[in-house]
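Please read it alongside the model.

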Amino acid sequence: MNRIRIPAIKSAAIQMTKVIAQQAPAAIANALVNLRVDGRSVQVDKGATLLDAINKSGSHVPTLCYHPEFEPRAVCRMCLVDVKGSQKPLPACRTIAQEGQDITTNSEELKSFRRRDLQFLLNRHPNDCIRCEVAGQCKLQSLVQEEQVQDMWPASAKKVRGSPEHPEHLLHDHTSPSIFRDMDKCIECGLCVEACAAQKINA
């Protein structure tokens with residue numbers, strides 16, 4: 001039986017450690033993505049979204065339908081951003097960051113779109129913030145104040161919710177002992193559906 005040469009094993013282990021140490025910086029660099037957000041350079045992990053890069057850069061885009069625990073659906077369109085070279089704005093919440101991208105979050109066109117989107121939501125939303133149980137903690141309310149959007153429609157001009165053909169689809173559902181569902185205030189973000197699906201509850 002051949003004797004195991006301890007010095008040779010130690011030498012091989014030391015050499016392997018040196019090789020790994022030399023390769024590590026390159027591996028780390030390949031796992032990162034470099035891009036620019038509003039003129040500022042930012043570096044994020046490969047696979048991160050534009051929203052991750054924007055938040056890391058210190059910039060801000062509003063979101064209504066995004067939640068970090070659920071797959072982004074990009075239904076509210078509030079987080080649209082301009083990407084240099086793209087023919088149209090892209091949703092930051094579900095667009096994967098790519099090397100060398102140049103992102104603009106606050107162009108006048110984007111600000112105008114967000115205000116119009118908020119106006120559309122307000123047209124379908126009851127003007128009842130003073131008595132609402134989530135006043136002060138409402139993302140829609142915060143965005144309306146942030147963008148300085150005013151509710152231009154009187155209550156009589158608000159779009160009526162519900163369907164006369166399907167009266168079983170209740171706008172106000174008190175049947176749950178823990179949740180009161182008021183569809184008059186729904187902004188169709190889909191988060192309640194995602195949350196119930198995660199708990200295997202039929203929403």
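Glu108 is exposed, at 52% relative accessible area (exposed is over 50%, buried under 20% and partly exposed in between, with a 1.4 Å probe and protein chains only). The model is predicted: local features need pLDDT of at least 70, side-chain atom pairs count only at pLDDT 80 or more, and totals for chains, interfaces and linings use all residues. Residues are numbered from 1 along each chain as its sequence is written, and side-chain values use heavy atoms, leaving out hydrogens and water.

**Salt bridges**

- The whole structure contains 4 salt bridges (a side-chain nitrogen of Lys or Arg within 4 Å of a carboxyl oxygen of Asp or Glu).
- One of them joins Glu108 to Lys111, at 3.8 Å from N to O.
- These two residues are 3 apart in helix α3, about one helical turn, and Lys111 is partly exposed at 29% relative accessibility.
- Glu188 and Arg124 form a salt bridge at 2.7 Å, N to O.
- Glu188 sits in the loop between β7 (181–182) and α5, and Arg124 in the loop between α3 and α4, so this pair ties together parts 64 residues apart in sequence.
- Arg124 is buried, with 12% relative accessibility.
- Glu194 pairs with Arg73, their closest N and O atoms lying 2.8 Å apart.
- That pair links distant parts of the chain, 121 residues apart: Glu194 belongs to helix α5 (residues 191–198) and Arg73 to the loop between α2 (50–57) and β3.
- Arg73 is partly exposed, at 42% relative accessibility.

**Helix α3**

- Helix α3 spans residues 108–123, 16 residues in total (helices are DSSP runs of H or I with at least four residues, strands runs of E with at least two, numbered from the N terminus).
- From first to last C-alpha α3 reaches 23 Å, close to the expected 22 Å (1.5 Å times one less than the number of residues).
- Its buried residues include Leu110, Arg114, Leu118 and Leu122.
- The buried residues of α3 pack against β3 (80–83), β5 (102–104) and α4 (139–146).

**Nonpolar cores**

- The largest nonpolar core has 19 residues (buried Ala, Val, Leu, Ile, Met, Phe, Trp, Tyr and Cys joined through side-chain atoms within 4.5 Å).
- Leu35, Val44, Leu50, Val81 and Ile103 have the most contacts inside this core.
- The largest share of this core, 4 residues, comes from α2.
- Beyond its neighbours within four places in sequence, Ile103 contacts residues including Leu35, Leu50, Ile54 and Val81 (contact means heavy atoms within 4.5 Å).
- A second, separate core of 11 residues includes Cys65, Cys76, Leu118 and Leu140.
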